[in-house]
Structure formats: structure tokens, C-alpha cells
Amino acid sequence: MSERHSEVATPLTAMASAWTRFAETAVKGATAANRAAFSAFTVDGYADAYAPSDDDPEAVREGSVPSLAYEELDWAFERTVDAPSDITVGDTVSFEKQIDEDDVRAFARASGDTNRLHLDDEFAAETRFGGRIAHGTLVSGLISAALARLPGLTIYLGQDLEFQGPVKIGDRVSATVEVLEDLGNNQYRLSTVIHDESSDKPVVDGEAVVLIDELPEN
């Protein structure tokens, strides 16, 4: 049985205009602070702050595209377009990573969702899943990671999701977003699909509406 989750189903002109104004204000207000903050961080600084639990700083590197602050070496992504002005229907971005124990426990603490289904082996073994699974919202977050790798500054306007299957701890999953429609004013409707690479089955399906701005100048 699938679970339906809908935040915003369709873009509205008024909402998009409001978001545009908000984004412009937020970007202008945050740019100076971001410049100061990022100037204090080298790639090594990001490694110190965000390295995996093995404390290997070589596991983290500088972002390979301007929209990314940093990346981990076992993450993978591909995209078919490199400039916001070139985005067109059919363009895709995919992002892939393993959902591991550290991810699940960090998400539980950050979100406050400490459901034993995600954290307690003995408890989860007695459920329909037969063991612990990752939070659905953690898994769907890979869509946001894929969107972050579109050229430009991507701002969510809406997301419609259907959860089609569980993801176990340790599974490798991939999110693919594809441009379905150019809505004008730098807004796009996209398909958003996540696959469990272990089984090659879709686990999340849906659509998103985004606004893509130019990146702030460094």
C-alpha cells in the first residue's frame, strides 16, 4: 500500500511571485553573511565539520559545481545541462548515495523522529518490514540533493510524493529529476523518482515545481 504525501500540487502565479520576492530578499540578505562564513572554511574545514564517522578528511571534497558547498567521495551525480539559461524539457539530474547507519541516526536526532522502526532492531523485526528501514523523508531528501545539482540556485515551490516501498539501512539509492515542463519565469515542473539500486525498484515517485535563479556572485 502506498502512502500519499502532498505539500503543493500545482504552481500558482501569486505564490510563485511571492516566492520570487522572498528569494530575492533572502539571497541579498544572506550573501554578505555567506561570504564571511565561507571565507572561514577551506575544503579541510568542511572535512573537519562534516566528515563521516571514520574521521577521514579525505572522504570530503570541495563541491564539483558552484551550487555545492562540499561533497563526499562516495556520492555520485550526473546532469545533462550546465547553465540555467540552457535548461529545457528533457534535461535530467541524478544523485546517488548509500543510506547508512549514520544517516539514519543523524536524521532521527535532527528531525526528532525517533520512531523505533528506524532505530530499534528487535522492535523493527516484529513489524511488516522484518527489520529497520530508513525514514521516508530522509530517503525523499535525495530529491532535494538532485535539485541542488541543477545549474543555478534551485528553490522549491512544491512537491508531490508517493512512497512505494521501504529502503533498508545500507541500501544505495538514486534520485532522478527530469524537466517535464517550462512554466515560464524560470519555473519548471519536474518528475522526481527515487530507485533502490539494490533491487532496481522505484521507492518514491512524484513531481516537483521549482524556481531557478542565477547563483549569487562570489
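## Strands, rings and buried serines

Modeller: Let's start with the sheet: strand β6 (residues 153–163) and strand β9 (residues 201–213) run antiparallel and are joined by 10 bridges. This is a predicted model, where local features need pLDDT of at least 70 and side-chain atom pairs count only at pLDDT 80 or more, while totals for chains, interfaces and linings use all residues. Numbering runs from 1 along each chain as its sequence is written, and side-chain values use heavy atoms, with hydrogens and water left out.

Biologist: What makes β6 and β9 a pair of strands?

Modeller: Strands pair if DSSP finds at least two bridges between them, and β6 and β9 have 10. Strands here are DSSP E runs of at least two residues, and helices are H or I runs of at least four, numbered from the N terminus.

Biologist: Which strand pairs with β9 in the antiparallel sense over 10 bridges?

Modeller: That's β8 (residues 187–196), where L190 has A208 of β9 as its bridge partner. The hairpin of β8 and β9 has four residues between the strands, and D200 there takes a positive phi near 60°.

Biologist: How do you know that S191 is buried?

Modeller: Buried means under 20% relative accessible area, exposed means over 50%, and partly exposed is in between (1.4 Å probe, protein chains only). S191 sits in β8 and comes out at 16%, so it counts as buried. Leaving out residues up to four places away in sequence, S191 touches T176, V177, E178, L180, G206 and E207, where contact means heavy atoms within 4.5 Å.

Biologist: And why is S174 called buried?

Modeller: Its relative accessible area is 9%, so S174 falls under the 20% limit. S174 lies in strand β7 (residues 172–184), and its contacts beyond four places in sequence include F95, V193 and H195.

Biologist: What makes the link between the side chains of S174 and E197 a polar contact?

Modeller: The distance is 2.6 Å. A polar contact is a pair of N or O atoms within 3.5 Å; within protein, one must be able to donate a hydrogen and the other to accept it, and residues adjacent in sequence count only if both atoms are side-chain atoms.

Biologist: On to the rings: how many aromatic pairs does the structure hold?

Modeller: Two. Rings of Phe, Tyr and Trp (its six-membered ring) pair if their centres lie within 6.5 Å; planes under 30 degrees apart are stacked, over 60 edge-to-face, and the rest tilted.

Biologist: Why is the pair of Y70 and W75 called tilted?

Modeller: The centres are 6.1 Å apart, and the planes meet at 40°, so Y70 and W75 are neither stacked nor edge-to-face.

Biologist: What makes the pair of W75 and F95 edge-to-face?

Modeller: Its planes stand at 75°, with the centres 5.8 Å apart, so the angle is over the 60 degree limit. W75 lies in the loop between β3 (70–72) and β4 (76–79), and F95 in strand β5 (residues 92–98), so the pair ties together parts 20 residues apart in sequence. W75 is buried at 17%, and F95 is buried too. Together, ring pairs link Y70, W75 and F95 into a cluster.

Biologist: How do you know that R149 lies over the face of F77?

Modeller: R149 is at 5.5 Å from the ring centre. A charge sits over a ring if NZ of Lys or CZ of Arg is within 6 Å of the ring centre and within 35 degrees of the ring normal.
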